[in-house]
Amino acid sequence: MRWTVWLLGVCGVMAWSGTEAPGQQSPGSPSPLATTASLRRIVPKGKGRLGVVGDQGTWIHLRGSEPGKLQTFAQPWTLQGGFFLNTKQGWLCATEALPALPLTRGVLLRTEDGGRSWKRIGGLLPGLKDLCFWDGKQGVAVCEPSPLVPSGVLKTSDAGRSWHPVPGPPERWTRVLRLAQGKALLLGPNATAVLEKGRRIRPLPHPWSNQSFLTWAVDERGRLWAAGTGGLVAFSSDLGRSWRPVDLGPGAQAMDILSIATWKQKIWLAGAPGGIGFFSPDGGHSWERFTLPSPLPVYDLKFVDARRGWAVGPLGHVWNTSDGGRSWRTVHSGAQRAAVWCVWLDADTIPWEVLAWLAHQEGYIVVVSLLGDRTSWGRSWDRQFRLRTRQALLRLGVAEVVFSSRFPLPQPDLAPDQETLLRYWRAVQGQDPNQSVQRWLVSQLLQWRPDVVITHAAVPGQSSPGQVWLNQQLQQAVRWAGQKDQWPPPLRHLALRPWKVQKLWGLLPSGRKGHVGVDPFQLSRAQGKCLHQLTRRARWLLQAQAAPVPDSWQFRLIDAQLPRQTAQAGLMQGVVLYRGGPARRILSLEQEAGASSLLAAQRYRSLRALLLRSEGKRANLLAAWDQLAQGIPPQDQALLMFEFAMAQVQQGQWNTASEALAELVRRWPQEKLTLAAAWWLVHLHLGSEPWMALSSSGQSGVWETLAQRRQEGLGALAAPPPANAIPASKRLELARRWLTWLERRAPDLAAGMALAHASLAHQEGQPDQARRLLALLAFHRPALRWTGSARARLWALQPQGSPPPGVAFCPPVQEKPFLDGRLEEPLWQQATVLDLKHPHIGSQWSTQVLLAQDEQFLYVAARCSRPHASATGQLPSGPRDASLKGQDRLEWFVDLEGDGFTYFHFGVGSQGGAFERCGSWWGWNPQWFVAVRATPEGWNLEAALPWSLFGRQAPRPNKGWSFGVKRVVPEVGILSWRPPRGTFPCPESWGVLLFDRQSRP
């Protein structure tokens, strides 16, 4: 009963409460990175006073004609929003991404003295984006959606000390605007809504399918003004129920309008690229342009009266005007432009150590632009992609991160060639992607004005089609940027000047040799660490498991304005930029690090190599940790321990992984990685699949050194003995301990593990408890993504009436099939048939999956249609663990315990190849049988999977396994049994496979 009560609280009854942090959170002197940080928002404080917040925890007072001193908080938070009731009382908010988990923490600061000192309040909040208050107590905030706050909206009635979720549809809100009578407007990229007295969210129409709102304001007449991508500007006289677009004239469609300011009948607009803005003296009836001193973007505008106004932007820029915006002057800046501009299709190939060397060690102003957008893929990591990428790169000293919303990436493997990718973008944008990317790339070059540009190299057969296309387009954009007559027509109407890039570099795929290489593990004498140490924590913000680090980042020179020999000598060779100049910081760490720091960095490199390359006696390394890690900073030790554990998970060494994760929690309980460690420990002990696979492959052993050390008293949460020595009851006990540990320390994380709670109760022999937990998941709003799967599992535990969608029965058969792919045996007439569908894929790709069983095998077969099929005959078997990338293929998943995390994964391709894995472990190689045949209609497959493969005999009657199946057709899409659909595993889409004694009709 305790778990049910807890989950009820999680699903909306509980509130976040917290006490004010002891001591003051007063801003102090800025760090070198903060001097060039982007300034994001201007916060009105009343009586002509303003405050500015931005990256790296920056805070500036604005009053009169000159800004106050730049200050920073002790933590380098990315402050995103703020609100002041008066000149004294105010709040600031930020979002902090946690490493190795799709979880965020909110930062809420309050001041009672106008911003001279701050106190952190609010408890364990999700990441906060913006907030407003109606009085000293009542307020509302928008945040990162989570299992506790699916609507992304919170309310408070005690000045922010405690917060309650507001029920409503899930949406990713970015801004909130206070209205009268306890109402507020909510703004998201593709949605708007009105919040009525903190109780009800009422959606409003968004008529622009290909453009997004980025900012808004309310004028004196009560009209709502909104602006966004592609020069989108519109106003509404009924608070968002209907909209009227505004035409700003030629060139506006080449801009993203990022800021709006109003004063009585006057309206000002500005955005990216900068250099110009738009002004209306008569409430929007007519428009004229004004110029700005820099082509850099304007992130926010505010006017304190009809003449005095302020604007802020990247690189620490603050501009002001005293004549109503006709002329502007720069009153504060940390740099004038970028030294290096890096443009990538996606974040997967970012050379982290190279960026740390350029920005953090050498002080060059580095700007990173990401063309592709994967926020629509549906996974938690991808929905937080922009937030996490920005925070990871800012940790390395990157000055700004720019995202393009015009190029959403198709899911992996659905666009195997350049033609398919461009066809996809053409359908999304409604225009030629070559023209839109050229305009975007040229505008980026003209506003950042870099000396050096780095992108993907085009290597046939190794670079992806998107990377090759971006390389080609960027080369042309670099040439065009220096010749105004070559610019795309809309850019010619903007106040931009031609710019010539001195060098263009291409990052080569791993294993290729280039003109210049950067060692990721080279020592930084200024920082006293190797480059990998500087990047490791940033990397874990973007990944859930360890990713390989190349021995060297290699670059090929693509083009240069310098002599070839000089240009090839180094990334920045021949580029003259002095410290403190327009594109380089003055670093405070000018003296070399001491001998002890360099020795610690060398120990770090040696220990990392030892941990990741050792094949035996791994636990002995853990037992000797104190000696091996002597002198390494504790934070780096925790990262090494976690990285080692994740490497063991990928290699199928779950024994060692659980030992290392438990040791991490014991040694560094305050380290943020302990939440990820505990999360992994719950799932490693809860799911039986890893331990079955480990035992069946003979990878077990006893490590006396660590076992003896644990007897000396390492605490109650010590990791278990190896798989062959631990009973299931012990595993479940450990899973329960870690789940309770997480419940106390991270209730929002534990709330997202509600399915694990249900699985644990079921395995412990508490079916009533499991049913209550599944009922909460199935019928309560916070579990929208899991609703269908939870209802199927709930029915399987207590069958009553007709089964819901997502329940399938696997009937018994008496004869065995002859595996030839013909599907002619009578048993297939008795099999259960699952139709795989997609709402936008026609019947020419129809797919039927057939399931049956006997005392020895689970049988899986499929008929896969495809247009223009002609070949016939059985196909030869492909290699084991074959790469099916780019192939039409069928994949299915078996989750024995229904925990939604550990599972068996099988795949068969239309060319005869097949693979199997357990979780992320590709080394699991059990024996099973498969045949593939080409047919005039498409292709068939037949597979027989012995029950011993799953570590047990035939399932008992009415036993239910979580089961999912999908077909991936490159260039076409994904057909699946249940939505949602993805090329990646989607446990929330899986149903239940029940094993009956007799066939069902």
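For this tour, Ala, Val, Leu, Ile, Met, Phe, Trp, Tyr, Cys and Pro count as nonpolar, Asp, Glu, Lys and Arg as charged, and the others, Gly among them, as polar. The model is predicted: local features need pLDDT of at least 70 and side-chain atom pairs count only at pLDDT 80 or more, while totals for chains, interfaces and linings use all residues. Residues are numbered from 1 along each chain as its sequence is written, and side-chain values use heavy atoms, with hydrogens and water left out.

**Stop 1**

Select Pro76, His360, Arg395, Arg537 and Gln635. Of the 34 residues lining the second largest pocket, these are the closest to its centre. A pocket here is an open set of points on a 1 Å grid over the protein atoms alone, where a 1.4 Å probe fits, with protein on both sides within 12 Å along at least five of seven lines; lining residues have an atom within 4 Å of a point. How much space lies in the second largest pocket? About 1,100 Å³, counted as the space filled by probe spheres set on the points. By class, its lining has 14 nonpolar, 13 polar and seven charged residues.

**Stop 2: the largest nonpolar core**

Now pick Phe642, Trp892, Phe906 and Phe950. Of the 98 residues in the largest nonpolar core, these four touch the most other members. Such a core is a set of buried Ala, Val, Leu, Ile, Met, Phe, Trp, Tyr and Cys residues joined through side-chain atoms within 4.5 Å. Colour helix α15 (residues 673–686) too: with 11 residues, α15 gives the most to this core. Helices are DSSP runs of H or I, at least four residues long, numbered from the N terminus.

Zoom in on Phe950. Among the residues it touches are Met692, Leu858, Phe906 and Trp961, leaving out those up to four places away in sequence; contact means heavy atoms within 4.5 Å.

**Stop 3: Gln429**

Go to helix α5 (residues 418–429), where you'll find Gln429. Is Gln429 buried or exposed? Gln429 is buried, at 11% relative accessible area; buried means under 20%, exposed over 50%, and partly exposed in between (1.4 Å probe, protein chains only). Its side chain reaches the backbone oxygen of Arg406 at 2.7 Å.

**Stop 4: Arg745**

Finally, select Arg745 in helix α18 (residues 728–745). Arg745 counts as partly exposed, at 38% relative accessibility. Arg745 touches Arg105, Leu124 and Leu675, again not counting residues up to four places away in sequence.

How values were computed:
Helices (H or I, at least four residues) and strands (E, at least two) are DSSP runs, numbered from the N terminus. A polar contact is a pair of N or O atoms within 3.5 Å; within protein, one must be able to donate a hydrogen and the other to accept it, and residues adjacent in sequence count only if both atoms are side-chain atoms.
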